[in-house]
Amino acid sequence: MFLVFKDPQAVAQFVSERLVQLIKDKPEAILGLATGSTMEPVYERFCQDAKAQGLDVSKITSFNLDEYIGLSSEHPQSYHYYMNKFLFDHLDFAKHQTFVPDGTPEDVELHCEQYSQKIADYGGIDLQLLGVGGNGHIGFNEPGTPFESRTHVIDLSDQTRIDNGRFFDSMDEVPKRAITMGMKDIMEAKQILFIATGPNKAQVVADLYASDYDEQMPASMLKKHPDTLFIIDEKAAAQLPPDAYQVMV
């Protein structure tokens with residue numbers, strides 16, 4: 001069942017409330033964080049709410065889903081840079097507790113293994129934020145990624161590179177590979193908030209609704225997670241049948 005809100009701002013308000021309450025209940029919570037344009041209003045609202053309520057986030061640990069291979073943390077299109085710009089620099093996060101995959105590791109395979117292990121060492125993720133790509137990818141887990149995968153290197157599909165090309169000056173600059181948290185890492189999160197907004201997500205939301213549990217539709221994995229909320233706005237819900245969603249006031 002999809003929860004449908006009026007617009008991205010209403011979605012952001014709902015998600016922010018969930019984040020704030022989690023941190024109040026568990027100040028040392030482990031967050032799984034996502035990037036992309038869908039998350040920008042979420043982080044903006046969360047920063048506003050956290051400041052207004054004097055929320056202490058200094059004990060939070062976070063793990064980001066992914067990073068482009070070949071981009072340093074200072075590159076303006078890296079996800080390190082994104083997280084600092086839209087979230088970490090606005091609140092009192094302990095930067096040494098905010099983990100994002102390294103896009104330029106000396107040993108990429110070892111780095112992937114260590115990233116999954118670090119999540120486990122911290123006790124797993126309490127709440128994972130997820131967006132979705134036009135082909136159903138979550139993180140950068142492209143169609144066909146095994147559901148049993150851990151953090152790994154992925155070759156980005158042409159569709160994903162085209163979708164993300166708007167953030168770069170030319171398609172030649174769009175990375176062809178990335179490091180992504182694995183499907184099993186994601187599924188081990190205690191709670192998942194799946195977020196999709198805007199008309200460009202209507203088709204993939206409809207495809208997800210119609211899909212079986214299928215590795216060719218990575219987001220379909222979430223149908224077997226015990227505590228996932230599918231949170232979308234009216235435009236993303238445009239192609240869903242009425243019995244597929246609940247309108248949230």
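Trainee: Which residue of β9 is the bridge partner of Q128?

Mentor: Strands here are DSSP runs (E, at least two residues) and helices are H or I runs of at least four, numbered from the N terminus. Two strands pair if DSSP finds at least two bridges between them. β6 and β9 pair in the parallel sense over 4 bridges. In β9, the partner of Q128 is I192.

Trainee: What should I know about the model and its numbering?

Mentor: This is a predicted model, where local features need pLDDT of at least 70, side-chain atom pairs count only at pLDDT 80 or more, and totals for chains, interfaces and linings use all residues. Side-chain values use heavy atoms, without hydrogens and water, and residues are numbered along each chain, as its sequence is written, from 1.

Trainee: Which residue of β10 is the bridge partner of I192?

Mentor: β9 pairs with strand β10 (residues 228-233) in the parallel sense, over 5 bridges. In β10, the partner of I192 is T228.

Trainee: How many residues of β9 are buried?

Mentor: Buried means under 20% relative accessible area, exposed over 50%, and partly exposed in between (1.4 Å probe, protein chains only). On one side of β9, Q191, L193 and I195 are buried, and on the other I192, F194 and A196 are too. For strand β9 (residues 191-196), the count is 6 of 6.

Trainee: Is G124 buried or exposed?

Mentor: G124 sits in the loop between α4 (108-121) and β6 (127-130). Contact means heavy atoms within 4.5 Å. Not counting residues up to four places away in sequence, G124 touches I30, I119 and K190. Its relative accessible area is 14%, so G124 is buried.

Trainee: Why is α1 called oblique to α2?

Mentor: Axes are lines fitted to C-alpha atoms, for helices over the stretch in contact, and angles run from 0 to 180 degrees between N-to-C directions. Under 35 degrees counts as roughly parallel, over 145 as roughly antiparallel, 65 to 115 as roughly perpendicular, and the rest as oblique. Helix α1 (residues 8-25) and helix α2 (residues 40-52) pack with axes 8 Å apart, at an angle of about 50 degrees. That angle makes α1, relative to α2, oblique.
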